Amino acid sequence: MSKRKLYAADYVYANGSFQKDFALVEENGVIMEVGPLPEVSASFPEAELIRWEGKAIVPGTVNAHNHSFQSLLRGIAIDKPFLEWRDQALYRYTPLLDEEAIYTGALLAFGEMIRYGVTTVSDFFYVHNGSTAYDEAVIQAAKDVGIRLVFARTMYDWNGAPAAYRETVVEAVERTRSLAVKYQGDPMVTVHPAPHSPHAASPEMIKAGHRLAVELDTPFHIHVAEEMFEVEETLRDYGLRPIHYLDSLGVLDERMIAIHLVWLDDSEVELIGSRGISLAYCPSSNMFLADGVTRIPDLLKSGVKVSLGTDGGCSNNRISVFEEMRMCALLQKVSRLDGTCITANDVFRMGTASGAEMLRLQTGSIEAGKAADFTALNIQDLSLAPKRELFANMVYAMQPNAIAHVVIDGKPVFSKDGLLTVAEQDISSRVNRLFERWGGA
């Protein structure tokens, strides 16, 4: 049994606000108690005291949608229309991706996220190459850097995509199920089915993904209505808009984590709200790829639970959920010409507790019984001044250099000197060696 640790800081974000001179006790990766330092110290006198002076402890952020391998392709095919970006970055480089590349890309993505305060990531992964070996490479990278992982194993059978993405329905179900069963009970890895999209997964594949989610009692993930061409396709092929098409398949229920939801009409907004759908919203990626603007205030009003994701590193090109909080708020305000339509509290919850709830994880907030996943901010950092407005500045002004410590599952994984699990220089060297090997690709 691990020794109890008592983390004390100038402030702890608990009960919806910053609490001065608070502390938390961690044991075996779980928060045991949160409260004023004198009271917590008296309750746990034997706990090892770790005092972070000049710091504020906040929940680790939850990255609800990412494609880890895409961090390798950052900067490639920039400033392109969506389909040109897809073909010149993803499709062009996919044939070069072996297990080593997949592992390296995941190290890069997860290591960088941790630096920016991400403690949980949902990785929507589809480069399977005919087995689960590449999937295992991503999972191993997550374990090596120490991040909490939801592995959204993609189920993809559109024949226009690279062969490495494609599986039959039977193969996709069997492989996804085997991974899910293998990691059942692992506190750091959860496997969810993820039929790719109405565009890239057949009706049979989408229904199979939903059935598997019911069998495993998990959510399932699916890209929906990111681009207008996807709406046009479902209208052409099925005579229905994307949400109504998914409803016709019998998969529109509270298990669904939809990604993007940019191009919805009023009937779709109302329907998904009534069905308890969740959304993983990726505002920076939607801007980078010129997808459009998701109607977040309308979706919240309809009852949709909204979380934040970065999407892949080559369509953002940053992977910080604190950044997505700011981008979400600013994009919604300017697109609606209404500075009050979304608040700092709204987007902070999206990037923390809402993401955790959507993924069915006991994390995303500082409270007893939750996972010990948290970040310490340096409140002397200039981007957080004036300290009096700490919450607003954390959401709207903070720069990554203000992140001083990151703890996941009770284990320190980052300090101001860098990652504590995998040397950052080693990750960078691995990436550079890959591109040397690829030559002029």
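## Briefing

Four strands with parallel pairing make up an open sheet, in the order β10-β11-β12-β13; strands here are DSSP runs of E with at least two residues, helices are runs of H or I with at least four, both numbered from the N terminus, and two strands pair if DSSP finds at least two bridges between them. What you see is a predicted model, in which local features need pLDDT of at least 70 and side-chain atom pairs count only at pLDDT 80 or more, while totals for chains, interfaces and linings use all residues. Residues are numbered from 1 along each chain as its sequence is written, and side-chain values use heavy atoms, leaving out hydrogens and water.

**The sheet from β10 to β13**

- At the edges stand β10 (220–224) and β13 (305–308), each with a single partner strand, so one side of each has no neighbour in the sheet.
- On average, neighbouring strands of this sheet are turned by 30 degrees against each other, direction ignored; axes are lines fitted to C-alpha atoms, for helices over the stretch in contact, and angles run from 0 to 180 degrees between N-to-C directions.
- Strand β12 (residues 278–281) runs parallel to β13, and 4 bridges join the two.
- Opposite L279 you will find V306 in β13.
- Helix α12 (residues 321–336) lies across β12 and β13, at about 125 degrees to β13.
- Helix α13 (residues 344–358) also packs on the sheet, where it touches β11 (256–260), β12 and β13 and makes about 105 degrees with the direction of β13; contact means heavy atoms within 4.5 Å.

**The sheet from β6 to β9**

- Another open sheet has 4 strands in the order β6-β7-β8-β9, with parallel pairing.
- Its edges are β6 (61–66) and β9 (189–195), and each has a single partner strand, so one side of each is left without a neighbour in the sheet.
- From one strand to the next, the twist averages 15 degrees.
- Strand β8 (residues 148–155) and β9 run parallel and are joined by 7 bridges.
- L149 has V189 in β9 as its bridge partner.
- Helix α5 (residues 169–182) packs on this sheet and touches β8 and β9, with its direction at about 165 degrees to that of β8.
- A handy rule for looking at any sheet is that side chains in a regular strand alternate between the two faces.

- β1 and strand β2 (residues 17–20) run antiparallel and are joined by 4 bridges.
- Within this pairing, V12 has Q19 in β2 as its bridge partner.
- The two strands form a hairpin with 2 residues between them, and N15 in the turn has a positive phi of about 55 degrees.

**Aromatic pairs**

- The model holds 21 aromatic pairs, meaning rings of Phe, Tyr and Trp (its six-membered ring) with centres within 6.5 Å; planes under 30 degrees apart count as stacked, over 60 as edge-to-face and the rest as tilted.
- Y7 and W52 form a tilted pair, because their ring centres are 5.0 Å apart and their planes meet at 50 degrees.
- This pair links distant parts of the chain, with Y7 in strand β1 (residues 5–14) and W52 in strand β5 (residues 48–59), 45 residues apart.
- Y7 is buried at 1% relative accessible area, and W52 is buried at 10%; buried means under 20%, exposed over 50%, and partly exposed in between (1.4 Å probe, protein chains only).
- Y13 and F18 have ring centres 5.1 Å apart and planes at 75 degrees, so this pair is edge-to-face.
- Both Y13 and F18 are buried.
- F69, Y91, F125, Y126, F151, Y156 and Y165 are linked into a cluster by ring pairs.

**Cysteines**

- How many disulfides does the structure hold? There are 0, where a disulfide is a pair of cysteine sulfur atoms within 2.5 Å.
- C282 is buried, with 0% relative accessible area, and its sulfur is 11 Å from the closest cysteine sulfur, in C328, which is too far for a bond.
- C314 is buried at 1%, and the closest cysteine sulfur to its own is in C282, 13 Å away and too far for a bond.

**Around S383**

- S383 sits in the loop between β14 (374–378) and α14 (390–396), where it is buried at 12% relative accessible area.
- Its side chain makes a polar contact with the side chain of D381 (2.6 Å); such a contact is a pair of N or O atoms within 3.5 Å, and within protein one must be able to donate a hydrogen and the other to accept it, while residues adjacent in sequence count only if both atoms are side-chain atoms.
- A polar atom of the S383 side chain also lies 3.1 Å from the backbone nitrogen of Q399.
- Leaving aside neighbours within four places in sequence, S383 is in contact with N393, A397, M398, Q399 and A402.
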